[in-house]
Amino acid sequence: MPQFSEKKKLILAMLVINCEMNQLTENESMEYVNRSFDKNISRRTYFYSD
């Protein structure tokens, strides 16, 4: 996983939780997180933060 600050890790975790709560598909989740996080993350990073 890329080196993110603790604040960025927390934001990323909350975005992933939001995706799960809203039952987004993997593609929808990746689009949402990349748009909201202001940085493109890999699929691996997305699932690592899960």
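Which residues form a nonpolar patch on the surface? Select L10, M14, I17 and M21. Together they have about 440 Å² of accessible area. Keep in mind that this is a predicted model.

**Stop 1: L10.** L10 is exposed, and its relative accessible area is 56%.

**Stop 2: the α1 and α2 pair.** Now show α1 together with helix α2, residues 26–37. Two packed helices are described by the angle between their axes and the distance between the axes. Here the angle is about 145°, and the axes lie 10 Å apart. The crossing of α1 past α2 is right-handed.

Next, bring up the side that α1 contributes: K8, I11, L12, L15, N18 and C19. They meet S29, Y32, V33, S36 and F37 of α2.

**Stop 3: salt bridges.** How many salt bridges does a search of the whole structure find? It finds 2.

Start with K9 and E6, whose side chains meet at 3.5 Å, N to O. Both residues sit in α1, 3 residues apart, or about one turn of the helix. K9 is partly exposed at 32% relative accessible area. E6 counts as exposed, at 60%.

Then move to E26 and R43. Their closest N and O atoms are 2.2 Å apart, in a salt bridge. E26 belongs to α2 and R43 to helix α3, residues 43–48, so this pair ties together parts that are 17 residues apart in sequence. E26 counts as partly exposed at 32% relative accessibility. R43 also counts as partly exposed, at 49%.

Notes
Residues numbered from 1 in each chain as written. Predicted model: local features only at pLDDT ≥ 70, side-chain atom pairs only at ≥ 80, totals over all residues. Heavy atoms only, no water. Patch = residues over 30% accessible without salt bridge, like charges linked within 9 Å, V, L, I, M, F, W, Y side chains within 5 Å. Areas by Shrake-Rupley, 256 points an atom, 1.4 Å probe, with all protein chains shown as cover. Salt bridge = Lys/Arg side-chain N within 4 Å of Asp/Glu carboxyl O. Buried < 20%, exposed > 50% of the residue type's maximum accessible area, 1.4 Å probe, protein only. Axes fitted to C-alpha atoms, helices over the stretch in contact; angles between N-to-C directions. Helix = DSSP H or I, 4+ residues; strand = E, 2+ residues; numbered from the N terminus. Left-handed = near helix turned anticlockwise from the far one by under 90°. Contact = heavy atoms within 4.5 Å.
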